[in-house]
Amino acid sequence: MATPPPSLQAPTPNPLKRPLIRLFLLTILCSVCYFLGSYTNTNSTPTSPSTPLFQDQLHWSKPNFTIHNTHYFSPPPPLDFEPHHTVTLTLPQDQGQNIKLLDFCSKNFTNYCPCHDPPREKQFITERRLHKQRHCPGNGEKPRCLVPRPAGYRRPFPWPKSGDYAWFRNVPFPRLTELKKSQNWVRLEGDRLVFPGGGTSFPKGVKGYIEEIKRVVPLKSGNIRTVLDVGCGVSSFGASRMDYNILTMSIAPRDIHEAQVHFALERGLPAMLGVLSTNRLPFPSRAFDMAHCFRCLVPWTSYDGLYLMEIDRILRPGGYWVLSGPPINWRVNFKGWERQTKDLENEQISLEDLARRLCWKKIAERGSIAVWRKPSNHMHCIQKLKAWKSTQFCTSPDADAGWYTKMDPCIFPLPQVKDVHDISGGALEKWPKRLNAAPPRITSKIINGITVRTLNEDVQLWRRRVSHSGIILKSLNICKFRNVMDMNAGFGGFAAALTKCPVWVMNVVPFDAKNNTLGIIYERGLIGTYLNWCEAFSTYPRTYDFIHANGVFSMYMDKCDILYILLEMYRILRPDGAIIIREHVDIIVKVNDITDRMRWNGKILHSENGPFHSEKILLVDNSL
């Protein structure tokens with residue numbers, strides 16, 4: 001049979017028209033795209049969510065803050081939310097292109113502390129130093145301007161050199177150098193302030209003083225991690241503790257010495273404005289392993305022993321109280337103090353009696369110092385107080401309340417124990433194991449809904465976030481910062497992930513946060529404070545190198561004008577500092593509109609969750 005011409009042959013079937021083949025090819029194409037996307041989106045291998053970091057008595061390995069090689073990556077470009085469409089019609093000029101910049105405050109605002117302002121202090125009585133407490137301006141009184149830097153301001157010395165030197169132009173307060181010249185607090189040499197390590201109780205240097213304390217208190221054991229220093233001077237005491245991995249929170253009021261807290265922060269040491277007056281200190285109960293006072297001028301035995309009872313509230317079970325100065329060793333020092341021997345003797349008798357009524361045990365009095373120790377539980381104390389009938393246990397249910405809460409002349413009962421040798425609230429690990437152990441406040445389940453698993457997930461989250469932050473912020477990557485603030489600290493996960501760098505972090509827990517986690521932060525061996533971010537922080541301007549704000553603006557969007565929160569961040573950030581703000585993209589855009597008016601060059605970037613997640617980052621980087 002003859003073969004038909006090609007034009008008459010049956011057409012060759014197209015395999016792509018078969019539904020099964022098309023479905024098969026489409027499946028292959030989608031799979032390839034998925035694996036390519038997964039590969040490019042993975043910069044590092046994350047910790048497996050199923051791997052437990054915390055167990056009740058099992059410690060996890062140290063959080064890994066990844067230091068990336070800057071030769072092999074560059075920060076991602078900022079996101080642009082501006083329209084880029086072009087039209088031929090003539091439209092009204094975009095008002096956004098003519099941003100109305102915020103003005104700078106006048107020069108007398110250079111060292112402005114809104115809640116510790118001397119003119120405002122004059123409106124309050126001086127009794128019990130009430131005028132030295134926080135007194136913040138109301139909404140109609142807040143300045144709507146940028147706090148200026150002083151003339152001649154220079155980038156502070158890097159740590160650890162900053163511990164010994166500061167530029168005088170940065171903290172131009174000569175009065176302290178004159179008043180305390182004989183006590184070797186601080187000297188002015190040319191354009192530099194020099195901190196030789198002296199103090200009122202140790203004019204020849206703090207090292208000998210620390211050696212004296214070390215004979216009584218186990219500073220090197222790891223059991224002492226968090227210390228409160230009341231009346232800190234220029235924080236020479238706190239600086240000396242860095243050698244022992246001890247984190248000292250120094251507090252002092254703004255007084256005739258002008259700026260002792262400012263000096264401490266300029267040196268790179270933790271400090272904040274604070275005073276023992278009528279309100280509790282802004283810390284939780286059982287926060288500090290040790291409290292210290294050297295000539296801090298606190299009337300410990302006045303007002304029914306109220307101030308020493310406040311120290312008892314914030315001391316951990318088994319914690320130490322170290323006192324130097326009047327009335328200790330009064331037989332030797334009464335002439336130098338210009339005090340009558342009888343008055344000093346009576347003061348010491350009253351102090352010893354007050355400590356006894358707190359159930360404290362005096363363990364030493366040597367030379368210029370005396371040391372008492374708080375009991376590890378209240379089993380014996382309960383019986384003693386019933387017999388004495390002079391001091392009572394508090395009935396207030398919340399010992400952790402520390403935000404505008406009045407002090408009570410009573411002892412807060414420690415958590416109950418089963419045995420006289422048990423530690424109330426649970427024992428803490430030694431530092432550095434303490435950071436990675438499950439805090440007793442979590443294992444005891446006293447905060448509803450917070451478990452060891454919750455903390456484990458939080459640790460993993462912040463390891464990823466800090467690793468990503470190191471990519472977009474070079475100065476964080478190379479450990480350039482010293483004074484760091486976390487405005488919404490949670491469990492302290494951000495601070496814990498930075499432990500490889502020589503930083504200290506002020507962990508702020510908003511007083512109205514869903515959960516009060518500040519006690520957990522202290523049990524991890526970190527420090528922090530309560531705050532309402534509708535008010536100013538208790539610090540001087542230009543005292544922090546890096547500020548981290550996670551969810552702060554979404555928390556306060558409906559509570560106060562967020563402009564004033566950003567103005568406060570501007571006030572406390574050093575001119576060469578940096579900020580990372582994490583929020584939903586809608587809030588980030590609103591915040592960025594304000595930071596543009598503040599002359600900050602902000603960049604909106606993707607978070608570690610990638611481009612399809614609603615959480616974005618606003619980066620302000622002046623550090624380079």
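Analyst: Happy to. Let's start with Lys362, which is partly exposed, with a relative accessible area of 28%. Keep in mind that this is a predicted model.

User: With which residue does Lys362 form a salt bridge?

Analyst: The general idea first: side chains of opposite charge can pair when their charged atoms come close. Here the partner of Lys362 is Glu352, and 2.6 Å separates the closest N and O atoms. Glu352 belongs to helix H9 (residues 341–357) and Lys362 to strand S9 (residues 361–366), so this pair ties together parts that are ten residues apart in sequence. Glu352 is partly exposed too, at a relative accessible area of 26%.

User: How many salt bridges does a search of the whole structure find?

Analyst: The search finds 29. Another one is formed by the side chains of Arg154 and Asp191, at 3.5 Å from N to O. Arg154 sits in the loop between helix H2 (118–121) and strand S1 (165–167), and Asp191 in the loop between strand S2 (187–189) and strand S3 (192–194), so the contact ties together parts 37 residues apart in sequence. On accessibility, Arg154 is partly exposed at 39%, and Asp191 is partly exposed at 41%.

User: Is Arg582 buried or exposed?

Analyst: Arg582 is buried: its relative accessible area is 1%. Its side chain meets that of Glu608 in a salt bridge of 2.8 Å, N to O. Arg582 is part of strand S15 (residues 573–584), while Glu608 lies in the loop between strand S16 (602–606) and strand S17 (615–621), so parts that are 26 residues apart in sequence are tied together. Glu608 counts as partly exposed, at 22% relative accessibility.

User: Let's move on to sheets. In what order do the seven strands of the open sheet come?

Analyst: In general, strands of a sheet pair through backbone hydrogen bonds, either parallel or antiparallel. In this open sheet the order is S6-S5-S4-S7-S8-S10-S9, with mixed pairing. Strand S6 (271–273) and S9 are the edge strands with a single partner each, so one side of each has no neighbour in the sheet. Ignoring direction, neighbouring strands are turned against each other by 20° on average.

User: How many bridges join strand S4 to strand S7?

Analyst: Four, between S4 (residues 226–230) and S7 (residues 288–294), and these two run parallel. Helix H7 (residues 306–314) lies across S4, S7 and S8, and runs at about 140° to S8.

User: And helix pairs? At what angle do helix H18 and helix H19 pack?

Analyst: Two packed helices are described by the angle between their axes and the distance between the axes. For H18 (residues 562–572) and H19 (residues 585–597), the angle is about 55° and the axes are 10 Å apart. The two are therefore oblique to each other. The crossing of H18 past H19 is right-handed. Where they meet, Ile562, Leu563 and Leu566 of H18 face Val591, Ile594 and Thr595 of H19.

User: Which residues is Asp576 in contact with, leaving aside its neighbours within four places in sequence?

Analyst: Those contacts are Arg155, Pro156, Asn622 and Ser623. Asp576 is in strand S15, and it is buried at a relative accessible area of 13%. For contrast, turn to Lys122 in the loop between H2 and S1, which counts as exposed at 74% relative accessibility.

User: How would you sum up the chain as a whole?

Analyst: The chain has 19 helices and 17 strands. Of its 624 residues, 52% are buried. Among contacts with a separation of 6 or more, 71% are between residues 24 or more positions apart.

Note on methods. Residues numbered from 1 in each chain as written. Predicted model: local features only at pLDDT ≥ 70, side-chain atom pairs only at ≥ 80, totals over all residues. Heavy atoms only, no water. Salt bridge = Lys/Arg side-chain N within 4 Å of Asp/Glu carboxyl O. Buried < 20%, exposed > 50% of the residue type's maximum accessible area, 1.4 Å probe, protein only. Pairing = 2+ DSSP bridges. Axes fitted to C-alpha atoms, helices over the stretch in contact; angles between N-to-C directions. Contact = heavy atoms within 4.5 Å. Parallel < 35°, antiparallel > 145°, perpendicular 65-115°, else oblique. Left-handed = near helix turned anticlockwise from the far one by under 90°.
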